[in-house]
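Please look through the sequence and the structure shown here before reading on.

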Amino acid sequence: MAKHTLSTLEAFLIFLLVMMTAVTVALLSLLFITSGTIENHKDSGVPVTQSPPTMPGSTATQGSTLTHGSTATQGPPVTTTPEPPLFQNFSGYHIGVGRADCTGQVADISLMGYSKTGQNARGILTRLYSRAFIMAEPDGSNRVAFVSIDIGMVSQRLRLEVLNRLQSKYGSLYRQDNVILSGTHTHSGPGGYFQYTVFVIASEGFSNRTFEYMVTGIVKSIEMAHKNMKPGKIFINKGNVEGVQINRSPSSYLWNPPSERARYSSNTDKEMIILKMVDLNGVDLGLISWFAIHPVSMNNTNHLVNSDNMGYASYLFEQEKNKGYLPGQGPYVAAFASSNLGDVSPNILGPHCVNTGDSCDNANSSCPIGGSSMCIATGPGHDMFNSTQIIGGIIYQRAKELYASASQELTGPLAAAHQWVNMSDVTVWLNSTHTAQTCKPALGYSFAAGTIDGFGSLNFTQGTTVGDPFWDTLRDQLLGKPSEEIKRCHKPKPILLHTGELTKPHPWHPDIVDVQMITVGSLAIIAIPGEFTLQIPGGGKAQRYEAASTIYGPHTLSAYIQLFRALAKAIATDTVANLSRGPEPPYFKQLIASLIPNIVDRAPLGRNFGDVLQPAKPTYRVGEVAEVIFVGANPKNSAENQTHQTFLTVEKYEATSATWRIVHNDASWETRFYWHKGLLGHSNATIQWHIPGTAQPGIYRMRYFGHHRKQDFLKPAIILPFESTSSAFEVVTS
């Protein structure tokens, strides 16, 4: 290997890295909060029609989370809610749908997904929702629940705490085996709800404020679905979606055998599967759609919390069905859930060097000048907001077509199976005589390079197949050397971080994960602790981001196929009761606190919170942006004291009734709420309304709702609500 010569920039970055690591390790041993709940796991609910066959390929990435040590949590006292009587004499299922806000903090917290330093939340574009669907057999004997949540991933702590609270209210009605929690994988939701060290560092600590907000929202959506259950029918349909995805590692895909690639017409899975839910009178109840695409139309320069392209598809579908309701309201629920999205990007213009415009669609995703940091894929729009609308709009339109033509009814029993598995020690049967083993978790060099959707902070390169003496030495000095066993197990991946052997202050990655399957008649839905791809990403040979992030080693795919086959067989032969529960996951009572402190909010001298600093103009035309700037306070306070359910409203004056009617809230795509953090507790809030072509001419105003933190001398801090109103302005068509 050529001698590594450090540039001034690299030397400076390395110095910062060493200092940050040293400070972080010191802080992590000191900064704890006490909590009695559990932690980290990423679920993707992937549908499989008819019998559940083996998955054609997978990537178990750093998003899969759980670990070893400690003991199982003790459940709370159970006070069950009486089950309402169910009407039994019908053909179909009892169906319940529910939707609840689970946004959490929209400021002073890292956005989860890109792991980009400094990409903290600074406002909100759209709210995040938990969407729950419960299905029960006519006699109520069996039921399953599928919940799609607008977050990056479902941590195990989140999942187990939700199930803990469901158990305390409903007893054994909703359990580990029959409730799937699935994250949409938006990269623009808050982090901070993890326990394992890799994710804690990426989230800059644990935020109990956001964790509680999310848990409460998820549980509430399930409670709403439970209360809304009624006899109905489910129809299934499927079809291809064109023009919205590319494979972000096509060179890796080509390493798959030609016979394997011949099974597919594309290097991405274009098929969308939808479930249409109606009551016995044909009244629409809800939709679940599964489609393989990364919600990364909003790139890593974004600072507004939002649900990205899949959330925008949900927004359009629900607005269409819930006419007259504000976003997030109304009885109809439409979930656009995650699927085998591991190597699928919505940035369909592909990767180009931002400094030259040349293509960088090569094995290393690198540019001649600037390296990998210059190689970025872009979407079809003129900016990331427009790209999100275009991609999400196409997905919505295709789902609408499939929904309208759905005629194949799902019938048959409901079933569920679940196991905890130590994924670091699975014996995989390759054939009748040969076995292999999964590995303790580890991340390869290309993991640090990121992807064409968002490059890494340091100048690592995808496709790296050998280690670098400089980085290896730095790692060994700071974290210790990886064992020969873990290096041998992960070959040919060169190990950058041996996370399965790092345990301070808590394990860096999980060992124990859960595998789960529910069936609705002939449809099987499997819950996967990671990001699956269409096929194996290069069989480990290519070592791009996806392969480097396969934390349990080169036999991860075979292990999952084996595990899911066992669940499928148990369901098919009615022997689920004979499945071993598996090793219980650990939990940690002491969690690493957020590294961002809470400080008192302050208004400028002579001003109050909510005072208008920049008023609206007297008149705006359709297509323009109305903007008002207020004296602000930290929006994270509103996740703690939820007096207001929105940060903003846009209101139209109705002359006939002399009242103001709310036409938009902060869940509306047309509005944006920006928070500008100043010094010593000072801040401003900017509210924008991007006036759509559908806006009616008339008189409007914008309102701001916030909370400020106040603390008098020697007294505990309190959070107080405030609100403010802009001057009225007119909207004209031309």
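What follows is a briefing on one helix, on aromatic rings and on charges placed over rings.

This is a predicted model, in which local features need pLDDT of at least 70 and side-chain atom pairs count only at pLDDT 80 or more, while totals for chains, interfaces and linings use all residues. Residues are numbered from 1 along each chain as its sequence is written, and side-chain values use heavy atoms, with hydrogens and water left out.

**Helix α8**
- Helix α8 covers residues 384-405, and because its 22 residues at 1.5 Å a residue should span 32 Å, the 32 Å between its end C-alpha atoms agrees; helices are DSSP runs of H or I with at least four residues, and the expected span is 1.5 Å times one less than the number of residues.
- At the start of α8, a side-chain oxygen of D383 comes to within 3.1 Å of the backbone nitrogen of F385.

**Aromatic rings**
- The count comes to 29 aromatic pairs, where rings of Phe, Tyr and Trp (its six-membered ring) pair if their centres lie within 6.5 Å, with planes under 30 degrees apart stacked, over 60 edge-to-face and the rest tilted.
- F206 and F211 form a tilted pair, 5.5 Å centre to centre with 50° between the planes, and both residues are buried, meaning under 20% relative accessible area (1.4 Å probe, protein chains only).
- F609, F630, F647, F673, Y704 and F722 form one aromatic cluster.

**Charges over rings**
- The charged end of R672 sits over the ring of F385, 3.8 Å from its centre, and K321 lies over the face of Y332 at 5.9 Å from the ring centre; this requires NZ of Lys or CZ of Arg within 6 Å of the ring centre and within 35 degrees of the ring normal.

Note on methods
Helices (H or I, at least four residues) and strands (E, at least two) are DSSP runs, numbered from the N terminus. A polar contact is a pair of N or O atoms within 3.5 Å; within protein, one must be able to donate a hydrogen and the other to accept it, and residues adjacent in sequence count only if both atoms are side-chain atoms. Buried means under 20% relative accessible area, exposed over 50%, partly exposed in between (1.4 Å probe, protein chains only).
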